[in-house]
Amino acid sequence: MKFSVTRESLLKPLVVVQGAVERRQTLPILGNLLFSISGDTLAITATDMEIELVARVSLAQSGSGEITVPARKFIDICRALPPEAEIHFSVEGERASVRSGRSRFSLSTLPAGDYPSADSLANGLVLKPVQRDFKGLIDLTHFAMAQQDVRYYLNGLLLEIASNRLRTIATDGHRLAMAELALETAVDELRQVIIPRKAVSELSRLLSSEEAPVGLEFGSNAVRVSLEDVQMTSKLIDGRFPDYERVIPDAESCDKQIVIDRDVLRQSLARASILSNEKYRAIRLSLDKGVLRVTANNPDQEEAEDELEVDYDGGALEIGFNVTYLMDALAALPADTARLYLSDASSSCLIRAEGRDDCQYVVMPMRL
């Protein structure tokens, strides 16, 4: 097995797949990359048994064969070579040779037959949303996923497929983010799958704002995402996601509504948060006619107060929130103007983008 390719042509797919390389080295071969040549295409595969990434490179010559090489060492070698360098790769016995100019490297290999492969997704549901739209769904919601929660089903992103829409939902139990996309899916009944956090992070990195379609294929316990030269397969989280619709406040029943510039409110929250408790990140919102006060304090008896003019003529309200949760939601909001829906000090805050109903955020209150 041998091939020749430029450094730039090889480095790009290597960067794409490196996120799936096993770092803990539970199996030695999971620290390797699988090289497979078929015709004039080189496929580079990395996996940690949870997700598998495959990137393809076109070669100037045809061939066949497969082998695995140490991932980190091979990637570091390619990065260290000068720009536009020509890389010549060949396998001799149990060693792989990498040559470029006057540089030569000899790497150990492991048999390709021992490399684990992703399960087949025969007869699975296939969707083809526009790549830009699907990336938008993930970017609008992924930040609200839990991190290492004992409720393992929260450590991922819920993808809900209905007959005419695709919806993403994330929650850590204290906040919730939801976004949806109109899409004809041809499914007869509602279907839900939970994509693990690592796979969501890789997707956010791989997807671009192109108009090209992205292939989504769903099996019984895995999902496969196909782009032009990249394919990602991920296991799904086996669990039941909570009934998220129950925690979303009814906007029409919220008697206190604020329409405010998103960046003005974010900057006010950021200023007040400087003196908030570093552990709990609590801030107080005090709403009265025509004014919104943002206050914070900490165990050192330090205080911050920021006041904003708002178009509000309702009753007074004082309510506490985790300032980070509010700022994250406002940062993701796809509009310059935010609308906040409030009821009382013990009810969650609903945040929407003014003029848009395709995404919404819920933040639970804190006791102060």
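The model is predicted, so local features need pLDDT of at least 70 and side-chain atom pairs count only at pLDDT 80 or more, while totals for chains, interfaces and linings use all residues. Residues are numbered from 1 along each chain as its sequence is written, and side-chain values use heavy atoms, with hydrogens and water left out.

Cavities come first. A cavity is a set of points, on a 1 Å grid over the protein atoms alone, where a 1.4 Å probe fits but cannot get out. There are three cavities of 30 Å³ or more. Lining residues have an atom within 4 Å of a point. For the largest cavity they are Leu-265, Leu-269, Leu-285, Leu-326, Leu-330, Leu-340 and Ile-351. Helices α5 (262–273) and α6 (323–332) each give two or more of them; helices are DSSP runs of H or I, at least four residues, and strands are runs of E, at least two, numbered from the N terminus. That lining has seven nonpolar residues, no polar and no charged. Nonpolar means Ala, Val, Leu, Ile, Met, Phe, Trp, Tyr, Cys and Pro; charged means Asp, Glu, Lys and Arg; the others, Gly among them, are polar.

Now the pockets. A pocket is an open set with protein on both sides within 12 Å along at least five of seven lines.

Technical notes: Points joined across faces, edges and corners; volume = space filled by probe spheres on them.
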